[in-house]
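Here is a short note to read alongside the sequence and the 3D view. Please keep both open as you go through the points.

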Amino acid sequence: MTTVATVVFIDISGSTALFETLGNERAARAVAGMTDAFKQVVVQAGGRVIKTLGDGVLAIFNSSALAVSAMTMLMRRHYGQWDSLPASQKFHVRVGMSTGEVVLMEGDCYGDSVNMAARLCEKAGHREVWAAASTMESGARADTVFVPMGWMDVRGKAEQQMLYQVQWIEPEAQEVVTAYDSVLPMKPEAVVQMRLRLASGGVERFFSTQEMPIFVGRSSDSEWVVLDRRVSRQHGRIDWRSGNVIYTDLSRYGTWVSFGANPATAVRRESVQLHGVGVMYFGVSPEDPTAPSTAFSVTPV
């Protein structure tokens, strides 16, 4: 049977490390408990669970409005109780969604929207809900804020796609509203590819736009690791949006960014465009000579 639906992929991040620390049996129970809770949210919101994928859930909704509302509820519930969760349940969550025709067959579903939702889930960071333009355009609730992420490459797509992030955090709970207004969508043909260089302590790496997003932090699975106790495990994220290289601070104590010889500017739970050459300082202001830092440069390819 073919139908139009909004496909949702919900993914639990960090389960691999949990299996290493808790052992297979305890970790499996923890993951199963979390996926069961997510499936309940889907069903309660009027969606249909298609299947469980290890540490993830594939579901469909008859409307994008229901899907967005359900994922907003899921994220608010999960992160609203974050501080009280035991360590075994502190999984980070990310979501991808896309709307279009799907084929329902033998308890599974297939189609371009299924593939698109899976790819957006891969691109999303912790605590993020990413949506295709098809979901944003197909009648989501008027009170939903879709933040434009720009034209991006999506694996399996010949052309760049306009992507959005669903702002699920309640306005009164936001410490700082991320400054996205300066990052405007551009046509794909107008985008010039860039190369990012990061350097610190005699180590340097070059990243293409296709390799983004890049996570910066103390965690060993970050693309750029900064080993200092003042640096958060996932301190920041570097994205390619609308022809711009964008750094977003995800940390508790903030990031300071300087360009050329200009004084550093504090960035806390905000986004800033990286351009030219400069330095990022993590967790402590550059007034402290021991502040962990990384030099950067952004150049056209």
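1. A word on the ground rules. This is a predicted model, where local features need pLDDT of at least 70, side-chain atom pairs count only at pLDDT 80 or more, and totals for chains, interfaces and linings use all residues. Residues are numbered from 1 along each chain as its sequence is written, and side-chain values use heavy atoms, with hydrogens and water left out.

2. The chain as a whole. The protein chain has five helices and 19 strands; helices (H or I, at least four residues) and strands (E, at least two) are DSSP runs, numbered from the N terminus. Of its 301 residues, 50% are buried, where buried means under 20% relative accessible area, exposed over 50%, and partly exposed in between (1.4 Å probe, protein chains only). The chain exposes about 14,600 Å², and carbon and sulfur atoms supply 50% of that area (Shrake-Rupley method with a 1.4 Å probe; for residues, only the protein chains shown count as cover). Among contacts with a separation of 6 or more, 56% are between residues 24 or more positions apart; a contact means heavy atoms within 4.5 Å.

3. The largest core. Which residues touch the most other members of the largest nonpolar core? They are Ile10, Met71 and Val95, in a core of 35 residues. Such a core is a set of buried Ala, Val, Leu, Ile, Met, Phe, Trp, Tyr and Cys residues joined through side-chain atoms within 4.5 Å. Elements that give two or more residues to this core include strand S1 (2-13), helix H2 (24-44), helix H3 (64-80) and strand S4 (92-105). H3 gives the most, with seven residues. Isoleucine 10 has contacts beyond four places in sequence that include Phe38, Val42, Met71, Leu74 and Val95.

4. As a general remark, nonpolar side chains tend to be buried together in soluble globular proteins.

5. Strand pairing. Strand S18 (residues 276-282) pairs with strand S15 (residues 255-259) in the antiparallel sense over five bridges; two strands pair if DSSP finds at least two bridges between them. In this pairing, phenylalanine 259 stands opposite glycine 278. S18 is also joined to strand S19 (residues 293-300) by six bridges, again antiparallel, and serine 293 in S19 is the bridge partner of tyrosine 281.

6. Glutamine 273. This residue sits in strand S17 (residues 271-274) and is partly exposed, at 34% relative accessibility. Beyond four places in sequence, glutamine 273 touches Asn244, Val245, Ile246 and Phe259. Its side chain makes a polar contact of 3.0 Å with the side chain of asparagine 244. A polar contact is a pair of N or O atoms within 3.5 Å; within protein, one must be able to donate a hydrogen and the other to accept it, and residues adjacent in sequence count only if both atoms are side-chain atoms.

7. Cysteines. The structure holds zero disulfides, a disulfide being a pair of cysteine sulfur atoms within 2.5 Å. Cysteine 109 is buried, with a relative accessible area of 4%, and cysteine 121 is buried at 6%.
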